[in-house]
Amino acid sequence: HASEQALIDLFEQTAPSVVYINTSAYRRDYFSRNIMEIPKGSGSGFVWDDEGHIVTNWHVIQGAKKIEVTFVGGDTYEATLIGEAQTKDLALLKIEDEIKDIKPLNLGNSSKLRVGQSTIAIGNPFGLDHTLTTGVVSALGREIESPGGIKIRDVIQTDAAINPGNSGGPLLDSSGRLIGVNTAIISPSGGYSGIGFSIPVDALKWVIPELVKYGKIQRPTLGITILQAQYKPDSSDGVIVAKVIEGGAADLAGVLPSRMIRNAIAWGDRITGIGDFD
């Protein structure tokens, strides 16, 4: 059938851009005191550009001391972590060795997706080499929590089978263009349950250049949450600080959050202006 042949062609064209990622850490033997390399985890990733950059999930490489990527032909290369965005569950690797005929994926546009569109996921579930699954866009605008505890918005929900090991692999449209990065599944057992999530490619279009240039997302934030109006004490103008994000700008500046002291609320700092603006 023509539809089957189109899917076969799509897989053959895009699979060389998808990689298997294997990570390891180092541990000192308690008795011999020798340093040993131990397996840590695995996942998937894909080629971003001609310079050897590989995109994957942050949780795939979390805590890894050594990262290896394997292409569909079996060629394996050591990769270096050059950028990470924990709040987006994204990481950027780079293969230092020169690779001939490296093939980046073509980028799609996630903002124009519609529920019901076909989706194709390619990855390495349970370590099985380069597996293809198909489905549809089940929903758009979902929200999931990143490993950093920050909400990732506008996530794509799909019923294309996504299992452990698929993390970091690409979600493609019917033309083989990248529309998302497979990142999470909802399942009590950890296996496929019909609900998978992908970070939209439109987020990658601004995150990855930041990681290439700075190694992290350069985005100014104040690093606080404020009390909602119904909880505010009677006060003059300004906002009361509810929480301060550890390591954020406000925390480094010494801004104090609200807290409980002996069953009573000690209100945090009041912000009435920033810089020359009030």
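Contacts between residues 24 or more positions apart make up 58% of the contacts with a separation of 6 or more in the protein chain, a contact being defined by heavy atoms within 4.5 Å. The structure is a predicted model, in which local features need pLDDT of at least 70, side-chain atom pairs count only at pLDDT 80 or more, and totals for chains, interfaces and linings use all residues. Residues are numbered from 1 along each chain as its sequence is written, and side-chain values use heavy atoms, with hydrogens and water left out.

The secondary structure of the protein chain consists of four helices and 17 strands; helices (H or I, at least four residues) and strands (E, at least two) are DSSP runs numbered from the N terminus. Of the 278 residues of the chain, 42% are classed as buried. Here, buried denotes under 20% relative accessible area, exposed over 50%, and partly exposed the range in between, with a 1.4 Å probe and protein chains only.

Strand β7 (118–123) is mostly covered, with five of its six residues buried. Six bridges connect β7 to β8 (residues 131–145) in the antiparallel sense, where strands are taken to pair if DSSP finds at least two bridges between them. Within this pairing, threonine 119 has glycine 135 of β8 as its bridge partner. Strand β7 is also joined by two bridges to β10 (residues 170–172), again in antiparallel orientation, and isoleucine 120 is there partnered with leucine 172. The loop between β7 and β8 contains histidine 130. The phi angle of histidine 130 is near 40°, a positive value in a residue other than glycine; at a relative accessible area of 8%, histidine 130 is buried.

Glutamine 117 occupies the loop between β6 (90–95) and β7 and is partly exposed, because its relative accessibility is 28%. Beyond its neighbours within four places in sequence, glutamine 117 contacts Lys112, Gly135, Val136 and Val137. The C-alpha atoms of glutamine 117 and glycine 135 are 8.4 Å apart, although the two residues are separated by 18 residues in sequence. A polar atom of the glutamine 117 side chain lies 2.7 Å from the backbone nitrogen of arginine 114.

Glutamine 157 is buried, since its relative accessible area is 11%. Its side chain forms a polar contact of 2.7 Å with the side chain of arginine 142; a polar contact is a pair of N or O atoms within 3.5 Å, of which, within protein, one must be able to donate a hydrogen and the other to accept it, while residues adjacent in sequence count only if both atoms are side-chain atoms. Not counting residues up to four places away in sequence, glutamine 157 touches Val136, Val137, Ser138, Ala139, Arg142, Ile195, Gly196 and Phe197. Strand β9 also holds aspartate 154, whose phi is near 60°, a positive value in a residue other than glycine. Aspartate 154 is classed as exposed because its relative accessibility is 54%.

The largest pocket has a volume of about 910 Å³. Of its 29 lining residues, Thr87, Ile150, Ile217, Arg219 and Thr221 are the closest to the centre. On a 1 Å grid over the protein atoms alone, a pocket is an open set of points where a 1.4 Å probe fits, with protein on both sides within 12 Å along at least five of seven lines, and lining residues have an atom within 4 Å of a point. Grid points are joined across faces, edges and corners, and the volume is the space filled by probe spheres set on the points. At least two lining residues each are supplied by β5 (76–85), β9 (151–158), β12 (196–200), α3 (201–214) and α4 (249–252). Strand β9 provides the largest share, four residues. The lining comprises eleven nonpolar, nine polar and nine charged residues, with Ala, Val, Leu, Ile, Met, Phe, Trp, Tyr, Cys and Pro counted as nonpolar, Asp, Glu, Lys and Arg as charged, and the others, Gly among them, as polar.

Three bridges link β13 to the antiparallel strand β14 (residues 239–244), and threonine 225 stands opposite lysine 243 of β14.
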